[in-house]
Amino acid sequence: MGGAIIFISIVYLVTILVTNKATDNYSAVIELPKVNINVSVSIFLVILNFLILYLNYKSVKSIGGDGNWAQTIEAYRAITSYGTDPTMNIPGYIQQLQKIPTVCAYIYSFILIFNVIKDRASKKDWFFSIINTLIFILMSIILSNRLNILGIVGTIIVYYFVLKQSKFSNQNVRNLFKLLGIFVILMIFFYSIRLLVGRSGSANSSFLDYITMYVGGPVKLFDMFIMNPIHDSAIWGKETFVSLIGTFRDFGINIPLYIQHKEFRIYNGIELGNVYSAYRNWFADFGICGVITLQSLFAIFYNFYYYFLQKKGVTNHKLAFIIYGYMAEGIFLHPIDDWLFSIYLSVGMIIYLLLFFLLYNLITKKVKF
């Protein structure tokens, strides 16, 4: 409740400081020409992304060992997520290559949504968007990362509803039902692929038990952590600034390797998992003052970014909006974990920004940031 109050309060403050006018992105989309796709570049990227997908599959198989896919991916998760041996992981160059299919999925999804709203989407728009998004989803499944799939669906929803914004239309109730339907479908998908991504411990869990564990579990888990904290404070910002700490270690600073995943907990004989919300990271590292400060910075960043884009015109800064959609996953996944400080605040994010700039330019043959 406190986190929500902080976020909403900053929403009102930022709208007063940045913009308080009604947005009409839909009219701007209709007036602008469609976003074109460079077919030659797109074919090359599809071939490259399939190659990257294959390299990831081979790496996971080599780490997870023989057996059926469920056994392989479960072994892979156990070794890479709960071990500290850097040699037992996907090679660094493949981890960097993973960024290309990721960026392509977001760029092509945006192009398709933009052209669909204009009612000018062509067969090539649909083909390249679907194929690149499917490659990204398959790569996420191979890497046992369902949150990436939830994230890109959330981003596509952001692209659609923001570009459809019009001061002349009010479809809040209809949009609410659309979002509810998408959420239900996502939860069914999330549950259906649990064994495929190595969650064999949930083989006998019902749909309701499994989903409620993820939806309601973080509240109880965070409460249990406050009552019985398990945390090594020897490393400053250990849970909050995971990526930065890894970068400092790569630069030669003596920081011990540690398991990044949090501990599992059981309540009244019920396995609640290890999803504690973003507040766990901040509270563990910096206490209640850190929670208030970091939640405020979180709210300032996302609200200022969004409303400043709206003021300048989302359609006038398409690349900046695509990147906002990518980073908006941090809002959707906030009840599960923190992504802004642990993932986006990193050297890797700089590489992502360069790739977004380069690939958007190549795919559309022009860029305006």
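**Charges.** I began with the charged side chains: the protein has 29 positive and 18 negative ones, and the centres of the two sets lie 13 Å apart. Lys and Arg count as positive, Asp and Glu as negative, while His and the chain ends are not counted. Each charge is placed at NZ of Lys, CZ of Arg, CG of Asp or CD of Glu.

**Ground rules.** I am looking at a predicted model, where local features need pLDDT of at least 70 and side-chain atom pairs count only at pLDDT 80 or more, whereas totals for chains, interfaces and linings use all residues. Residues are numbered from 1 along each chain as its sequence is written, and side-chain values use heavy atoms, leaving out hydrogens and water.

**Salt bridges.** I looked up the salt bridges (a side-chain nitrogen of Lys or Arg within 4 Å of a carboxyl oxygen of Asp or Glu), and the count comes to six.

**Arginine 280.** Which residues does arginine 280 meet? I found a salt bridge to glutamate 239 at 3.0 Å, N to O. That pair links distant parts of the chain, 41 residues apart. Arginine 280 also forms a salt bridge with glutamate 263, the closest N and O atoms being 3.0 Å apart. Salt bridges that share partners join Glu239, Glu263, Arg265 and Arg280 into one network.

**Buried or exposed?** I checked arginine 280 next: it is buried, at 1% relative accessible area (buried is under 20%, exposed over 50%, partly exposed in between, with a 1.4 Å probe and protein chains only). Glutamate 239, at 11%, is buried, and so is glutamate 263, at 19%.

Notes: Helix = DSSP H or I, 4+ residues; strand = E, 2+ residues; numbered from the N terminus.
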